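Me: Could you take a close look at one part of this structure with me? I'd like to see how its pieces sit relative to each other.

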Amino acid sequence: MEINGVEIEDTFAEAFGIKVSRVLVTAATKKLAKIAATEATGYGTSVIGCPAEAGIDCYVPPEETPDGRPGYIIMICNPSKKSLDHELLERIGMGILTAPTTAVFDALDDEDEKLNIGFKLKFFGDGYEKELEIDGRKIHSIPIMSGDFLIESEFGIKDGVAGGNFFIMGDSQSSALLAAQAAVDAIAAVEGTVTPFPGGVVASGSKVGSNKYKFLNASTNEKMCVTLKDEVEDTQIPENVNGVYEIVIDGVDEEAVREAMKEGIKAACTVPGIIKISAGNYGGNLGAYKIKLHDLF
């Protein structure tokens, strides 16, 4: 299969299950909302080493938010319900409550269950907190120096999918990077998904475990390293490829991840110099979801 002359390898991306939350952060201005959303999703690239996977899903205009102010929906993901509860409390408490003029609302429509994050955070008010209602939602109003911080009492979580991915192989590092950025921009329009790595682009694709060091649960994917293609016998890098980037996608369900992969690959294939699109899979050691690239089109 080819798209715009770019080979789409007959392979699959191996993804895994994860617990997902969607949180709406609003503020007095779009800029302030973006700052808080960015802070709350920091250090959230991969659960290989981070306490959560997180990213900004989409912008929400004032006419579509409960309090009539601009906002951003963020996604925070973790394999366990207990850990996700902790991450929501910490990231909202330290990344959003501390930011000027913010308020926080649940943004997950089809949750499996709810966590009482707002109820827990209200105790920061030290007895001065109040309860009110906005747009039919139970809200805790917490007095802080600059005014009141508003947070919905409960936040939904559900079973989602993490680790949807594809590799972009270019004739140079710059062509592969340009295609990766085009892919991330296209994926940004797919609601219910995030690309949690820096700028949405993965420079350091990994494999499960290690060939040499038993204490590692992940290590560099030597078969996909352009500087090792002449050293590794079973390299997966074609001779004419000199730049590779990976795009990793988390989503509220498999359908959202599949749509994001499709749109991202289509965008990447519009960039001159792109030779091949592949995907990462690890012999079934990573997860239960096997998303075949050819089935996306």
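Reply: Happy to! Let's start with Cys-77: its sulfur lies 12 Å from the closest cysteine sulfur, that of Cys-50, which is too far for a bond. A disulfide here is a pair of cysteine sulfur atoms within 2.5 Å, and the structure has zero disulfides. Cys-77 is buried, at 0% relative accessibility (buried is under 20% relative accessible area, exposed over 50%, partly exposed in between, with a 1.4 Å probe and protein chains only). Cys-225 is in no disulfide either, as the nearest cysteine sulfur, in Cys-50, is 20 Å away; with a relative accessible area of 18%, Cys-225 is buried.

A word on the basis: this is a predicted model, with local features needing pLDDT of at least 70 and side-chain atom pairs counting only at pLDDT 80 or more, while totals for chains, interfaces and linings use all residues. Residues are numbered from 1 along each chain as its sequence is written, and side-chain values use heavy atoms, without hydrogens and water.

Now the helix pair. Helices are DSSP runs of H or I, at least four residues long, numbered from the N terminus. The axes of H4 (residues 173-187) and H5 (residues 254-268) come within 7 Å and cross at roughly 140 degrees; axes are lines fitted to C-alpha atoms over the stretch in contact, with angles from 0 to 180 degrees between N-to-C directions. H4 and H5 are therefore oblique to each other (under 35 degrees is roughly parallel, over 145 roughly antiparallel, 65 to 115 roughly perpendicular, the rest oblique). Residues in contact, meaning heavy atoms within 4.5 Å, include Ala-179 and Ile-187 in H4, and Glu-263 and Gly-264 in H5.

Conventions:
Helices (H or I, at least four residues) and strands (E, at least two) are DSSP runs, numbered from the N terminus.
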